[in-house]
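Please consider the arrangement of strands, helices and aromatic rings in the model shown below.

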Amino acid sequence: MTTITIYKSKNGEYKRLTCKGHAGYDAYGKDIVCASVSCLTINTINSLDTLVHEEMDITTDEDQGLIDCRFQNMLSKEGILLMDSLILGLTGIIDAYGKKYLELKFKEV
């Protein structure tokens, strides 16, 4: 299962995003859930960097299926929109394939 955790401050400010694990929907290279989650997550991080120029610290480990993205500053309005869009896409995957393969959690920090 892939677990995505979105960390927000008490006032709702995005602080961090982690993605851990492999979905296990199908065999490696054929797992459409894992590929979809990876695509959404990586595209969001790339968009935050390239289009919006947000400052982030990113750690990855492909074998463990880990992406850890910490935002260095408060996100811009555009950055918030990109994160909201990520959550919308991930929720759509959960609706289509179930919570067996993808868990979306929110934590207050």
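Tyr-97 counts as partly exposed because its relative accessibility is 33%; in this scale, buried means under 20% relative accessible area, exposed over 50%, and partly exposed in between, with a 1.4 Å probe and protein chains only. The model is a predicted one, in which local features need pLDDT of at least 70 and side-chain atom pairs count only at pLDDT 80 or more, while totals for chains, interfaces and linings use all residues. Residues are numbered from 1 along each chain as its sequence is written, and side-chain values use heavy atoms, with hydrogens and water left out.

The structure holds two aromatic pairs. Rings of Phe, Tyr and Trp (its six-membered ring) pair if their centres lie within 6.5 Å; planes under 30 degrees apart count as stacked, over 60 as edge-to-face, and the rest as tilted. Tyr-25 and Tyr-97 form an edge-to-face pair, with 5.2 Å centre to centre and 75° between the planes. Tyr-25 lies in the loop between β2 (14-20) and α1 (32-50), whereas Tyr-97 belongs to helix α2 (residues 77-97), so this pair ties together parts that are 72 residues apart in sequence. Helices (H or I, at least four residues) and strands (E, at least two) are DSSP runs, numbered from the N terminus. With a relative accessibility of 35%, Tyr-25 counts as partly exposed.

Tyr-25 also forms an edge-to-face pair with Tyr-101, at 5.1 Å centre to centre and 80° between the planes. Tyr-101 lies in the loop between α2 and β5 (102-108), and Tyr-25 in the loop between β2 and α1, so the pair ties together parts that are 76 residues apart in sequence. Tyr-101 counts as buried, at 15% relative accessibility.

Five strands form an open sheet in the order β3-β4-β2-β1-β5, and the pairing is mixed; two strands pair if DSSP finds at least two bridges between them. β3 (56-61) and β5 stand at the edges with a single partner strand each, so one side of each is left without a neighbour in the sheet.

Within this sheet, β2 pairs in the antiparallel sense with strand β1 (residues 2-8) over six bridges, and Ile-6 has Leu-17 of β2 as its bridge partner. The hairpin of β1 and β2 has five residues between the strands, and there Gly-12 takes a positive phi near 90°. β2 also pairs with strand β4 (residues 66-71), again in the antiparallel sense, over four bridges. Arg-16 stands opposite Arg-70 in β4, and Cys-19 stands opposite Ile-67 in β4. β2 is mostly covered, with five of its seven residues buried.

Two charged side chains lie over rings. A charge sits over a ring if NZ of Lys or CZ of Arg is within 6 Å of the ring centre and within 35 degrees of the ring normal. The charged end of Arg-16 sits over the ring of Tyr-7, 4.9 Å from its centre, and that of Lys-8 sits over the ring of Tyr-14, 4.5 Å from its centre.
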